[in-house]
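Morning, everyone. Let me put the structure up, and then I'll walk you through a few spots in it.

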Amino acid sequence: MKTSFQLETHPHPTGHRVRALLRIEGEAPSDDARIPINLAFVLDRSGSMGGGKLEAVKRAARDLILRLHPDDQVSVVAFDDEVRTVARSGSAAEQPGLLRDLMSIQAGGCTNLSGGWLQGRALVQERLRSEGVNRVILLTDGLANAGITDRTTLRQLCSDALSARVSTTTVGVGGGYDEDLLGDLAEAGGGFTYYIERLDQTGSIFEEELEGLLSIAAQNLTVRIRPQGGASLITVHHTYPSVAEADDVLALSLGDLYAREPGELLVDFIVPESPEIGEGAPVAIAEVTVEADAWAADGSLARKVIRLPVVFDPAAGAVSHPEVTRVFTLLEAARVRREAIERGDRGDAGGAADLLHEMALALDDSAVDDPSVVAEARDLHQMARTLREQEAMMESDRKYLYAKERAYSRNRRGAGDRLDR
């Protein structure tokens, strides 16, 4: 792994505001030392998955399996009110009928989400790859209405699985599932959550997950920030799960690190005026520790720890950095999406539309010349028009805003870009 900081500094009533963008780059092992993959597909086959949904999902899962290495492990679980193991964990050679059995799954009854996930986890655990990726991909279009339905219990199950090296990715299809629940499960399980709004997006979403799996450079990426010298950490702009530790340390869980895109974390510090600052010499205002289970070029896995200071030079005055500004601008747009959801949940679709429109205008007027900012402004304008015309926030609108916000605020922009309406 390689780490670096890019800084912006601005005047503040009590001293200085320092905005720091941490970049973490990883390199996947060579093709000869590729990371072994152990996947369980857990597919909702409840009655609501009929009418083309299940067929689209099966085709996308089949195409993903065909792109895996022959030695990778795959299992398939189908669930409605009952749970059925379609294929136990094994390689392609061990399961010549895997694709046929997958494509034979038919829609059935209710949604025992917990039972399906538990069976998927058990199958992954049977063939656990100690130096590989072990993941359950849970896909549903409905609410958990059989088996374990308490969200706190479900979240804890995914967290416990992650502690045992089994991560969880969730995929919601259509308008009937609970995006907050699937988001919570993926967060606790160290994976990501996706939204399939239209069936023609299914293959693209599965491709996004596969490309991530094939480019994983590290897992369990954790960043710890400890302010120093009177500085205080006031804002974390990304929304990674975090926990406060002793000695004013904030620990953030960034999940997987992909070779195809760097990990990012944008934070703001306030540095008060002091005699030391007044002397003009560069000062360390925080120590950042980056830890992860990282793969080496030969395919071996080891815990890696990097410590680096955040150094501020008061003599430089106000400093702007185009990349820091770009990332901050996009994260502000993600924050506005969260606020729009909250207004929509209160029945204030007009207020949500106003927020989105104002943010879109701000992006239009910003000095950031970047295609991603232009695309974000266009999308926010469209969402504002949609909410005004409907005079309500529909379930599909909420899921769309939620999926976009989660993708951008968790540095999974590729997932958000594949969802464009």
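Some housekeeping. This is a predicted model, so keep in mind that local features need pLDDT of at least 70, side-chain atom pairs count only at pLDDT 80 or more, and totals for chains, interfaces and linings use all residues. Residues are numbered from 1 along each chain as its sequence is written, and side-chain values use heavy atoms, with hydrogens and water left out.

Okay, the pocket. Rolling a probe the size of a water molecule over the atoms shows where empty space is left. A pocket here is an open set of points, on a 1 Å grid over the protein atoms alone, where a 1.4 Å probe fits, with protein on both sides within 12 Å along at least five of seven lines; lining residues have an atom within 4 Å of a point. Volume is the space filled by probe spheres set on the points, and points are joined across faces, edges and corners. The largest pocket holds about 870 Å³. It has 50 lining residues, and Glu187, Gly190, Ser253, Leu254 and Gly255 are the closest to its centre.

Which strand gives the largest share of that lining? That's S12, residues 250-258, with 8 residues. By type, the lining splits into 16 nonpolar, 20 polar and 14 charged residues. Nonpolar is Ala, Val, Leu, Ile, Met, Phe, Trp, Tyr, Cys and Pro, charged is Asp, Glu, Lys and Arg, and the others, Gly among them, are polar.

Now the cores. A nonpolar core is a set of buried Ala, Val, Leu, Ile, Met, Phe, Trp, Tyr and Cys residues joined through side-chain atoms within 4.5 Å. Buried means under 20% relative accessible area, exposed over 50%, and partly exposed in between, with a 1.4 Å probe and protein chains only. The largest core has 46 residues, and Val136, Leu185, Leu356, Leu363 and Leu380 have the most contacts inside it. Helix H9, residues 349-365, gives the most to this core, 7 residues. Apart from it there's another core, of 41 residues, including Val74 and Tyr258.

On to single residues. Arg19 sits in strand S2, residues 15-25. Buried or exposed? Arg19 is buried, at 9% relative accessible area. Its side chain makes a polar contact with the side chain of Asp268, at 2.8 Å. For that term, take a pair of N or O atoms within 3.5 Å; within protein, one must be able to donate a hydrogen and the other to accept it, and residues adjacent in sequence count only if both atoms are side-chain atoms.

Gly172 is in strand S7, and Gly172 is buried too, at 0%. Leaving out neighbours within four places in sequence, Gly172 is in contact (heavy atoms within 4.5 Å) with residues including Thr140, Tyr177 and Tyr194.

Most residues other than glycine have a negative phi. Arg165 has a positive one, near 75°, in the loop between helix H4 (151-163) and strand S7 (167-173). Asn411 has a positive phi as well, near 60°, and lies in the loop between H11 and helix H12 (413-417). Arg165 counts as partly exposed, at 26% relative accessibility, while Asn411 counts as buried, at 14%.

Definitions and conventions
Helices (H or I, at least four residues) and strands (E, at least two) are DSSP runs, numbered from the N terminus.
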